[in-house]
Amino acid sequence: MERFKNYINGQWVEPKSNTYFKNINPADISDIVGEFPESGQDDVNDAVAAAKEAFKKWKNVPAPKRGDLLRKVGDIFARRKDEIARIMTREMGKPVFETKGDIQEAIDTAYYAGSETRRLFGYNAPSEMNDKMNMSFRTPIGVVGVITAFNFPIAVPSWKILPAIAAGNTVVYKPSKDVPYAGVMFAEVMEEAGIPPGVFNVVLGKGYMGNMIVEHPDVKVIGFTGSTGIGVKLGEIGGRLNKRVSLEMGGKNPQIVMPDANMDLAIDGVLWGAFGTTGQRCTATSRLILHKDIYEDFIGKLKERVEKLRLGPGLEPETEVGPVIHEAQLNTCDEYCKIALGEGARLVTGGYRVTEGLYANGYFWKPTIFADVTRDMRLFQEEVFGPVLAISKADSFEHAIELANGVDFGLSSSIYTRNVNQAFAAINMIEAGITYINAPTIGAEAHMPFGGVKGTGNGHREGGWTVFDIFTEWKTVYIDFSDKLQRAQIDNY
Ligand code: UN1
């Protein structure tokens with residue numbers, strides 16, 4: 001069995017902890033993907049020290065030169081796309097067409113962040129006084145800690161790592177314990193692209209390492225994507241230590257369907273939004289809000305389509321829905337199905353683990369729909385992060401919006417309607433960082449701001465140029481060429 005290493009200061013190194021953990025294929029738990037370092041505090045310290053040292057030089061490399069390297073990162077990901085995708089599928093389960101999309105998102109981010117290095121705009125503004133010039137520009141901050149989830153093993157870390165490096169920071173990255181191989185491949189790509197030693201470091205291990213990274217005095221900024229429970233804890237630690245912590249956490253994303261919508265399109269949308277990535281996206285459609293006039297009809301048609309979804313190992317070319325990530329996630333699906341039944345929701349289809357034949361060795365949960373889910377139910381309010389969709393009935397457009405907003409989360413949202421007034425009203429009224437019109441809740445693009453309101457985050461936006469607000473500080477400069485003391489607010493008034 002292959003044993004993997006950490007990537008620190010441009011070297012592949014064994015963990016000082018000298019402990020390893022096995023990672024398995026969720027579609028076939030007899031298939032061990034490899035043994036990965038279960039790193040400890042010493043390894044984190046080494047990685048942070050390397051990143052701190054590398055920052056001294058990297059911050060002074062002209063930004064467009066940093067961008068040149070990022071374009072190479074994109075080229076290498078493009079060249080290795082098929083090969084990396086298959087390893088990712090083996091490691092975390094989603095079908096190969098999806099893991100390829102995941103890598104494409106990183107390619108887009110690499111080219112985008114690379115090109116932004118020529119455009120890290122600051123601004124000039126008039127001074128209150130004569131013979132004085134004011135300007136402000138972005139500066140890198142230092143060592144950035146990146147902590148991410150399993151579901152987008154290359155794309156989501158790329159949203160943080162690549163802009164952070166483009167802006168002149170250095171990075172210590174800890175991937176989810178469920179996708180360490182993807183972390184190794186990320187480092188291989190960065191190494192081949194010629195990202196200098198120490199600028200990018202990967203330390204593999206389990207959840208406990210999040211605290212080590214956030215608490216380390218030399219880590220100045222943290223980019224986190226993951227569960228609300230862990231994010232809030234890391235945010236608290238960061239707050240106490242005066243660190244900037246960008247949190248991307250849970251969602252309970254609604255798709256509204258109005259009676260005038262293109263029904264077939266709305267069904268295609270919810271199928272992809274709810275069951276793509278086996279429902280394991282923070283942007284997944286976990287709630288479907290149907291107008292009462294189409295309620296039963298839509299549910300009937302959707303049930304038929306959901307039952308036809310091809311569940312299976314992601315490496316099989318015909319698979320549409322892969323396994324969930326681990327046994328604990330299966331248990332979560334099971335638990336929420338029991339809770340929903342107990343609370344009076346109506347099970348339309350699914351609701352069980354599939355164990356026969358091909359499925360015996362994997363974590364396969366049958367795509368599940370509950371109808372008649374009301375606002376007070378836990379299935380309406382809480383994120384499952386699996387293939388379990390909750391359907392609710394709305395009496396009117398206003399009621400649909402009220403239901404959409406009736407949760408603590410606010411990441412993504414969608415409405416299907418051909419009524420332009422209602423589409424625009426929905427854009428204004430839905431409380432979410434992202435709203436789709438006639439498209440599913442998933443599918444964010446690299447160059448657009450990504451993030452949520454309410455319990456989903458703490459006000460930051462990845463993606464687009466907004467990500468540079470996370471990874472830079474502003475430096476303001478006043479240049480006085482009057483050759484005399486000009487006392488602001490005093491001599492000029
Ligand atoms: C996530 O689930 O953490 O918009 C990110 C989407 C993808 C990214 C999902 N491009 O669904």
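Author: A salt bridge is a side-chain nitrogen of Lys or Arg within 4 Å of a carboxyl oxygen of Asp or Glu. Here, glutamate 98 forms one with arginine 281, and their closest N and O atoms are 3.7 Å apart. This is a predicted model: local features need pLDDT of at least 70, side-chain atom pairs count only at pLDDT 80 or more, and totals for chains, interfaces and linings use all residues. Residues are numbered from 1 along each chain as its sequence is written, and side-chain values use heavy atoms, with hydrogens and water left out.

Reader: Which domains does the assignment of the chain give?

Author: Domain bounds come from an automatic or database domain assignment. It gives domain 1 (6–249 + 457–476) and domain 2 (253–437). Their centres, taken over C-alpha atoms, are separated by 31 Å. The count between the two domains is one salt bridge.

Reader: How many residues does each domain bring to the contact?

Author: Contact means heavy atoms within 4.5 Å. Domain 1 brings 26 residues and domain 2 brings 24 residues.

Reader: What area do domain 1 and domain 2 bury between them?

Author: The size of an interface is often given as the accessible area lost when the parts come together. Buried area is that loss for two parts (1.4 Å probe), summed over both. Here it is about 1,900 Å², with 63% on carbon and sulfur atoms. On the domain 1 side, Pro26, Ala27 and Phe150 supply 23% of the area buried against domain 2, more than any other three residues.

Reader: How many aromatic pairs does the structure hold?

Author: Rings of Phe, Tyr and Trp (its six-membered ring) pair if their centres lie within 6.5 Å; planes under 30 degrees apart are stacked, over 60 edge-to-face, the rest tilted. The structure holds 14 such pairs. Take phenylalanine 97 and tryptophan 272: the centres are 6.4 Å apart and the planes at 35°, so this pair is tilted.

Reader: Which pair is stacked?

Author: One is tyrosine 173 with phenylalanine 200, because their centres are 6.3 Å apart and their planes at 25°.

Reader: Are tyrosine 173 and phenylalanine 200 buried or exposed?

Author: Buried means under 20% relative accessible area, exposed over 50%, partly exposed in between (1.4 Å probe, protein chains only). Tyrosine 173 has 1%, so it is buried. Phenylalanine 200 has 2% and is buried. Tryptophan 272, at 35%, is partly exposed.

Reader: Where does the charged end of lysine 94 sit?

Author: A charge sits over a ring if NZ of Lys or CZ of Arg is within 6 Å of the ring centre and within 35 degrees of the ring normal. Lysine 94 has its charged end over the ring of phenylalanine 152, 3.6 Å from the centre. Arginine 3 has its charged end over the ring of tyrosine 20, 3.8 Å from the centre.
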